[in-house]
Structures are given as structure tokens and as C-alpha cells.
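This report describes a protein model through its charged pairs, its sheet and the surroundings of selected residues. Please keep the sequence and the coordinates at hand while reading.

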Amino acid sequence: SSSNSSSSSSSSSSSSSSSGNLTAFQVMSSPFSDGNPIPAEYTCEGKNFGDGISPEIHWTDGPTGTMSYAVAFKDTTIINSANPTNGYHWLMWNIPESINVMPKNLSTPAKPTEMGGATQKSALGTKFFGPCPSTSCTARKKDTYSFTVYAMGSLTVNPQGTVQQQIQWLEQNALKKTEVTGTSDAAPKGANCPGSSSSSSSSSS
């Protein structure tokens with residue numbers, strides 16, 4: 001919480017009294033705390049490229065006027081580089097305002113049954129696409145990632161184009177957004193890399 005001093009502008013406490021919300025719009029809980037490593041089960045570590053299940057993410061109610069939510073997962077290290085396109089991993093939009101959680105191991109169809117009619121899309125298809133920054137376990141690269149929750153002022157939105165264009169549209173059109181960041185140096189299984197058996201995701205290092 002010591003980092004709040006630098007970002008005090010984003011936590012405007014004065015607005016909380018005018019809206020009925022007890023807390024500001026924020027990510028309440030995730031399997032990793034802000035800025036810390038994302039556990040291996042949510043990454044491609046020891047798996048095929050792009051595999052890894054979604055983490056459970058909870059958020060508080062959006063500001064007054066929120067009618068739906070969207071969620072996006074991005075590699076901010078790549079987005080802040082010269083070639084940002086590959087940093088845009090996945091998004092889900094038209095989450096009903098009554099739903100404040102993305103479940104662990106979200107189902108893979110374009111319209112996951114547990115999300116009340118929401119649509120998901122990734123750079124690899126539809127299912128959640130988690131961290132996989134390293135080409136090999138012998139050449140590790142650590143990137144920073146963000147889960148961003150967007151409060152939208154419409155029951156349904158219809159972002160068009162690529163995942164990058166869709167996430168950028170959310171960025172421009174959300175009433176408000178909140179996010180949690182994490183890091184990963186995950187590498188897929190490969191010739192020199194063990195499969196998931198020995199790089200056990202159960203180790204809580």
C-alpha cells in the first residue's frame with residue numbers, strides 16, 4: 001500500500017460518498033498480489049504455448065452508471081516496446097453488471113456459460129491466453145502483465161477488429177478502469193525444458 005502515494009490521484013476518496021459505493025472501483029482479490037509473480041498454473045510454464053488457466057479475479061462495483069464490465073489481459077512490457085501488438089493477449093466483454101468475478105479456469109468457448117452472455121477473444125482464438133514471455137526455459141525473459149477491469153456505461157458494447165484494437169477501444173470508452181499487475185518468466189515445454197511434471201506448479205516459490 002506504500003505505492004499509493006505516487007498514484008493518489010487515481011484513488012479519489014471524495015467520489016465514494018456521492019456514489020453509494022463503500023469502496024472505490026478496484027480489483028479486490030487475485031491469486032497474486034499487485035506486482036508479484038503470477039503462479040505457474042496460470043501461465044504456459046511446462047505446457048504448450050498459450051496454455052494455462054485463468055486466475056480468479058474479483059472486483060468491487062463500478063461507479064454510478066456502470067451497466068456492464070469488460071476484462072483484458074495484457075503484457076505491458078511488450079505494449080511499452082517498439083512492437084506492442086503481441087502484448088494484447090485476451091479480453092472479455094459484455095459481462096453483466098451483476099457479475100463481479102472471473103472464475104478460475106474459465107471455460108473456453110467464445111461465450112463462456114458462467115459469464116452471463118459475455119464474449120471472450122484472444123490472440124490465439126477464444127480461450128484465456130496467459131503469460132508465456134520466454135521462448136525457452138534456458139532463455140528466461142521476465143515481463144510485467146496486467147489484468148484490467150473496465151466499467152462500461154452500456155449493457156452491451158461491440159468492440160471491433162483485432163484483440164489490440166478491441167482492448168484499445170475499451171481503454172478509450174470505459175467509464176473507469178482498475179487493474180492488478182503481476183510478473184512472469186514462464187516458458188513452454190520444449191526440447192531442453194521439462195514438462196509440467198518436474199516444473200511442478202505446486203511449488204509455491
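## Salt bridges

The count of salt bridges comes to 7, where a salt bridge is a side-chain nitrogen of Lys or Arg within 4 Å of a carboxyl oxygen of Asp or Glu. The model is a predicted one, in which local features need pLDDT of at least 70 and side-chain atom pairs count only at pLDDT 80 or more, while totals for chains, interfaces and linings use all residues. Residues are numbered from 1 along each chain as its sequence is written, and side-chain values use heavy atoms, with hydrogens and water left out.

One of the salt bridges is formed by lysine 104 with glutamate 41, whose closest N and O atoms are 3.2 Å apart. This pair links distant parts of the chain, 63 residues apart, with lysine 104 in the loop between strand 6 (101-102) and strand 7 (119-122) and glutamate 41 in the loop between strand 2 (36-37) and strand 3 (57-59); helices (H or I, at least four residues) and strands (E, at least two) are DSSP runs, numbered from the N terminus. Lysine 104 counts as partly exposed at 39% relative accessibility, and glutamate 41 is likewise partly exposed, at 29%, on a scale where buried means under 20% relative accessible area, exposed over 50% and partly exposed in between (1.4 Å probe, protein chains only).

Aspartate 143 forms a salt bridge with lysine 141, the closest N and O atoms being 2.7 Å apart; here aspartate 143 is buried, with a relative accessible area of 1%, whereas lysine 141 is partly exposed at 38%. Lysine 177 forms a salt bridge with glutamate 171, with 2.5 Å between the closest N and O atoms. Salt bridges that share partners also join Glu45, Arg140 and Asp185 into one network.

An open sheet of 6 strands has the order 2-9-8-4-5-7 and mixed pairing, two strands being taken as paired if DSSP finds at least two bridges between them. Its edge strands are strand 2 and strand 7, each of which pairs on one side only. Strand 4 (residues 68-75) and strand 8 (residues 143-152) run antiparallel and are joined by 8 bridges; aspartate 75 has tyrosine 145 in strand 8 as its bridge partner.

Helix 3 (residues 163-173) packs on the sheet and touches strand 4, strand 5, strand 7, strand 8 and strand 9 (176-184), contact meaning heavy atoms within 4.5 Å. The direction of helix 3 makes about 50° with that of strand 5, the axes being lines fitted to C-alpha atoms, for helices over the stretch in contact, with angles running from 0 to 180 degrees between N-to-C directions.

Asparagine 94 lies in strand 5 (residues 88-96) and is buried, with a relative accessible area of 14%. Leaving aside residues up to four places away in sequence, asparagine 94 touches Ser68, Tyr69, Gly117, Ala118, Leu155, Thr156 and Val157. A polar atom of the asparagine 94 side chain lies 2.7 Å from the backbone nitrogen of valine 157. The C-alpha atoms of asparagine 94 and serine 154, 60 residues apart along the chain, are separated by 8.7 Å.

Threonine 119 is found in strand 7 and counts as buried at 15% relative accessibility. Its side chain makes a polar contact with the side chain of lysine 111 (2.8 Å), a polar contact being a pair of N or O atoms within 3.5 Å; within protein, one must be able to donate a hydrogen and the other to accept it, and residues adjacent in sequence count only if both atoms are side-chain atoms.
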